[in-house]
Amino acid sequence: MALTPHRFLSTTAMLLALLSAPAAFAEEPTVTAPKQNLPAIVVTQAQTRKLVDKVVATGTVKAVEEVYIQPQVDGLSVRSLNADVGDKVEANGTLATLNDDALILQKSQMAATKAKGEATLAQLRAQLIEAHANADEAELARARAVAMGARGTVSTSSVEQANATAAANKARVASAEQAIAVAEADLKVTDSQIADTDLKLARTGIKTPVAGTVASRNARIGAIANGSGDPLFTIIRDSKLELVVDVSESDITKINIGQKALISLSGSREKLSGSVRLVAPIVDSVTRLGAVHISIDDGDKARAGMYGSAEIVIRETQGVALPLTAVNSDENGSSARKVENGVVKFVNVETGIQDGAYVEIVKGLQDGEEVVAKAGAYVRDGDHITPVKQAPQASN
């Protein structure tokens, strides 16, 4: 077959191209080594963050101090009520009044008895003056009789009679003085009875010795007040409330008076601030729990009897922390799986404060170092891995 000019030129170009590159046919083909398939492991970083050591406990809201208001006068009926449950009252405020008609009648009777006693006393004092005059006269007569008897002018019997008369008049003076003393004592008794009645009249107003909130009211109009029965009113002193929580024996030793706390009450999303007011000195031998009293700063937002929980702040610090899932703890201590250049290395760590999902790393890791996110991941010391950054946690 004859070659056309076009085909001849194409064949010639191909031959020239092959002759110009003989080395391409002389080199052996390059073989690429298969890439090693390393396991992908999620890693997380040790980061410096604010950590709070706290104790969480639950309990019941109670009054810091309850004051019971009892009637100080028995046997009188309640005439009026001036306060109800929930009312704010001031110190020395009148909560109720008792019927004072019987006391007013008693006082008027005692006043009459006192007037009669004063009249009797005046009469006795007049009698005393008369007795003194008679005694003085009898003493003069006795002295004359004795003198005349010494001279023999009067008989011995007359002298003896004069002596007897003088002694009798002195006895009448002493008797009058004693009668006056008795009358004065009777007046003092009457005065004390009147003062007692005045005190009872003053106490017919049922008053509160402290300011606060009325927690309960048992008083009823017309009911007879009795000091030995249930209190007429119960007052929450100064309207102060506290949350009393039960804390385990392992945690109660960490708690001190004055430590701050955040209080969450049942049915409310708002957190109230407070502080530790009192730590019980004893722990129940059965439950192994001890009571901690936490004062509530804003008591108006709480009610006695409510259920609540408290986060008591023990200590705050700024330190390196890891998620709890990245730390393995056993009887030999705590450890983490550090990752350097894709190689796993086991390191022992010393942990500190645990705050929610994070734990403080006191020793063993530095800020920014990477570790395996799941301490239970099946990797060994020295394993090569493909690190995968942990996705950031979603915030509420």
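## Overall composition

The structure is a predicted model. Its chain contains five helices and 20 strands. Of the 396 residues, 32% count as buried. The accessible surface amounts to about 24,700 Å², and carbon and sulfur atoms account for 53% of that area.

## Helix α3 and its partner

Helix α3 covers residues 101–151 and therefore has 51 residues. From its first C-alpha to its last it reaches 75 Å, close to the 75 Å expected at 1.5 Å a residue. After the helix comes Gly152, with a positive phi near 80 degrees.

Ten names make up the list of buried residues in α3: Leu103, Met110, Gly117, Leu121, Leu124, Leu128, Ala131, Ala135, Ala138 and Ala145. The buried residues of α3 pack against α4, which spans 156–202.

Leu124 lies in α3 and touches Ala179, Ile180 and Ala183, not counting residues up to four places away in sequence. Leu124 and Ile180 are 56 residues apart in sequence, yet their C-alpha atoms are 5.9 Å apart in space. Leu124 counts as buried because its relative accessibility is 15%, and the cut-off for burial is under 20%.

Asn169 belongs to helix α4. With the same exclusion of residues up to four places away, Asn169 touches Ala131, Asn134, Ala135 and Ala138. Asn169 and Ala133 are separated by 36 residues in sequence and by 8.9 Å in space, C-alpha to C-alpha. Asn169 has a relative accessibility of 7% and so counts as buried.

## The nonpolar cores

The largest nonpolar core has 22 residues, of which Val247, Ile263, Val292 and Ile294 touch the most other members. At least two residues of this core come from each of the strands β2 (47–63), β10 (241–248), β11 (260–265), β12 (271–279), β13 (289–296) and β14 (307–323). The surroundings of Val292 illustrate the arrangement. Leaving aside neighbours within four places in sequence, Val292 is in contact with Leu243, Val244, Val245, Val247, Ile252, Ile255, Val276, Leu278, Val279 and Ile312. A second, separate core of 20 residues includes Val78, Val89, Val210 and Ala219.

## Buried and exposed residues outside the helices

The table lists two residues from each side of the division.

| Residue | Relative accessible area | Class |
|---|---|---|
| Ser77 | 19% | buried |
| Glu370 | 17% | buried |
| Asn92 | 54% | exposed |
| Asn341 | 82% | exposed |

Ser77 is found in the loop between β3 (66–69) and β4 (78–81). Apart from neighbours within four places in sequence, Ser77 is in contact with Thr97, Leu98, Asn99, Gly222, Ala223 and Ile224. Glu370 is found in strand β19, residues 370–372. Glu370 touches Val43, Thr44, Gln45, Arg337, Lys338, Val339 and Lys389, again not counting residues up to four places away in sequence.

Most residues other than glycine have a negative phi. Asn92, however, has a positive phi of about 70 degrees although it is not a glycine. Asn92 occupies the loop between β5 (88–89) and β6 (94–98). Asn341 likewise has a positive phi, near 55 degrees, and is a residue other than glycine. Asn341 is in the loop between β16 (333–340) and β17 (343–355).

## Aromatic rings

A search of the whole structure for aromatic pairs finds zero. One ring does have a charged residue over its face: Arg49 lies over Tyr358, at 3.8 Å from the ring centre.

Key: Residues numbered from 1 in each chain as written. Predicted model: local features only at pLDDT ≥ 70, side-chain atom pairs only at ≥ 80, totals over all residues. Heavy atoms only, no water. Phe/Tyr/Trp six-rings, centres within 6.5 Å; stacked < 30°, edge-to-face > 60°. Lys NZ or Arg CZ within 6 Å of the ring centre and 35° of its normal. Helix = DSSP H or I, 4+ residues; strand = E, 2+ residues; numbered from the N terminus. Buried < 20%, exposed > 50% of the residue type's maximum accessible area, 1.4 Å probe, protein only. Areas by Shrake-Rupley, 256 points an atom, 1.4 Å probe, with all protein chains shown as cover. Expected span 1.5 Å × (residues − 1). Contact = heavy atoms within 4.5 Å. Core = buried A, V, L, I, M, F, W, Y, C linked by side-chain atoms within 4.5 Å.
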